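This report sets out the architecture of a two-chain model for a reader who works with coordinates. Please inspect the structure before reading on.

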Amino acid sequence: MTQQPRTWHANEAELRALADGVAGPALGASVESHLMRCGACRARMNDLVDGVLLDSVWSAIRETVEAPRPSVFERLLRKFGVSAESGRLLVAVPAMRGAWLIGATAALLFAGGAALFASGFGLALFLLVAPLVPVMGVAAAYGGDADPSHELVVTTPYSAGRLLLLRTAAVLATSLPVAALVGLALPGPAWLAVAWLIPGLAFVSLSLAAAPFVGATVSSGAVAATWSAIAIAVSKIGDPMDLAGPAVQVGSLVLCAAAVTTILTHFRLFDLPRGQT
Amino acid sequence: MSSVILTGLGKRYGRAPALTGVDLRLSSGVTGLLGPNGAGKTTLLRILATALAADEGQVRVFGQNPADTAGRLAIRRRLGYLPQESGFPRGFTAFGFVDYMAILKEWSDRAARHAEVRRVVGLADLTAVATKRVHALSGGQRRRVLLAQALIGRPDLLVLDEPTTGLDPQQRARLRDILSTAGETATLVISTHQTEDVAALCERVIVLDQGRVHFDGSVEGLISSAAGRVWLATDRHPEAQHAWRIGTGRWRNVGDAPADVEVVDPTLEDAYLLLVGDRARETEKEVVA
């Protein structure tokens, strides 16, 4: 290090070396500690520092501090290739929070447990509950109280129909694997584990198709009530296995196709302001 | 060129009419909407913000019809809306909520979006609480979070339903600054119960009562309608529509002034009270007749 005359203040060359990032560790540390105490040198230093660089450092610091930390769900979604933006849109509803998933899992475990210990009745209960879990998820993703900022969201250019489908896809992705795992643990043929899948998809698409007309809470409630009534009647009169039988499967497929067609042909209805038909 | 044109606008909730025969043209600048509770202010703003569809009449915003899909989308791309009430998704921070709204407003580039979110959060004076959860903020701060999201992307139409509710005098002064700056280029419609906000900000004032427009003109025009109808006296005058004792101990009477009283300059509030009061009397007379 070249020896320069010491004064009470840092000289121009020392300040410039620090500003340009070429001061060695010893000089850098001593000038920095002097700057901490000396307002006059700080003012001279200001003129030597690149403002653009400072601004970019400052905004990077703010970005790190202010930008919201992604939740566990959002990080998981990222792992599955969902963009950070879509992840943000997904976690805004109750269906994407821990409480809902725990509830859904508990309901399935209960029904699955019942099927293990009280075969006939329990099996009927599982076949009743499993297809309804994703339907309830849809209600929790789009029902009246599900999105407290609904009034604002609906007035943005983002398609409400697209948002609904995005959230539905997330509900299905989280609830179907749980139901399938519980189903695999049941006695009886292995296909029972997925026998509720087509009815489940049919009920979800029915709820969605009716949602623009009556609201998601009413539509999913009506679907759940109707299926429960059918399931209870069938298991009282006949064999609970009929709930997974060919009649139900074919019926569900037809319903599913009709509902999906309705959604596609009426897609613009999701974006309508209240009161317009 | 008017950015908003409403013709014969009508809206009912069941049988109760909320708006009847509203004709309005709005262009850039700040327009204040005054009226008693239930006058139809929020209904009118919700229709402008494409949150509610009209039952009758025509709505054109930037020449677009909100009843068609393409028109509605075009309006929503140029709109900033502060609803009278809105909840927040659980767990979001102030920054996180404004960022969420910016995503919905098609800001897909993360760096540009975050820079814009920082700008509007700063405008709404929320930088210090940007990382706090919305549910931990005060009522006034939450109101400003909603205001911040309305300002995203410098919208051409700003629809603000009671933006000054819950703000202290300094925050209100700051809000006036933001809104008057925005009003230089954009069309702003604000509803409020605070006549002083209208007097301070708006070049134009619209008074709604029972779903109809009863005054549409300049603030000065509304004030001058009350000239000679406000006076000071030692007592409450029996004929006054409203009277209150002011700080000096004298009574400020608002109504039809008798002869030989000390008439004073009316404020916008006096004029508004008289307009709504006169309307109520007319309605009473009609009912009696």
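**Basis of the description**

This is a predicted model, in which local features need pLDDT of at least 70 and side-chain atom pairs count only at pLDDT 80 or more, whereas totals for chains, interfaces and linings use all residues. Residues are numbered from 1 along each chain as its sequence is written, and chains are lettered from A and ligands numbered from 1 in the order in which they are written.

**Chain A**

Chain A holds 15 helices and 0 strands; helices (H or I, at least four residues) and strands (E, at least two) are DSSP runs, numbered from the N terminus. Of its 277 residues, 36% are buried, a residue being buried if 20 or more other C-beta atoms, placed from the backbone, lie within 10 Å of its own, exposed if 12 or fewer, and partly exposed in between. An automatic or database domain assignment divides chain A into domain 1 (12-66) and domain 2 (72-271). The centres of these two domains, taken over C-alpha atoms, are 58 Å apart.

Contacts are counted where C-beta atoms, placed from the backbone, lie within 7 Å. Among contacts in chain A between residues at least 6 apart in sequence, 69% join residues at least 24 apart.

An unreviewed UniProt entry lists "transmembrane region" at several spans of chain A, including residues 164-184 and 250-270. That record also supplies, in an unreviewed entry for chain B, the feature "domain: ABC transporter" at residues 4-235. UniProt positions follow the numbering used here, feature names are shortened, and annotations may be inferred rather than shown by experiment. The table gives the extent and content of these spans.

| Span | Distance between end C-alpha atoms | Helix | Strand |
|---|---|---|---|
| Residues 164-184, chain A | 30 Å | 100% helix | 0% strand |
| Residues 250-270, chain A | 29 Å | 76% helix | 0% strand |
| Residues 4-235, chain B | 47 Å | 34% helix | 28% strand |

**Chain B and its domains**

Chain B is assigned domain 1 (1-78 + 156-218), domain 2 (87-154) and domain 3 (223-288). Between the centres of domain 1 and domain 2 of chain B, taken over C-alpha atoms, the separation is 23 Å. Their contact takes 10 residues from domain 1 of chain B and 7 residues from domain 2 of chain B. On the domain 1 side, strand E6 (157-161) and helix H6 (169-182) of chain B each give two or more residues, and H6(B) gives the most, with 3 residues.

A sheet of 4 strands in chain B is open, with the order E11-E12-E10-E13 and antiparallel pairing; strands pair if DSSP finds at least two bridges between them. Strand E11 (242-245) and strand E13 (262-263) of chain B are the edges, each pairing on one side only. Strand E10 (residues 230-233) and strand E12 (residues 251-254) of chain B are joined by 4 bridges, and Leu232(B) has Arg252(B) as its bridge partner in E12(B).

**Interface and cores**

At the interface, 36 residues of chain B contact 29 residues of chain A. H3(B) gives the most to the chain B side, with 7 residues.

A nonpolar core is a set of buried Ala, Val, Leu, Ile, Met, Phe, Trp, Tyr and Cys residues joined through C-beta atoms within 7 Å. The largest has 139 residues, of which Leu127(A), Val98(B), Val121(B) and Val159(B) touch the most other members. A second, separate core of 5 residues includes Leu15(A), Leu18(A), Ala23(A) and Val31(A).

Key
Two residues are in contact if their C-beta atoms, placed from the backbone, lie within 7 Å.
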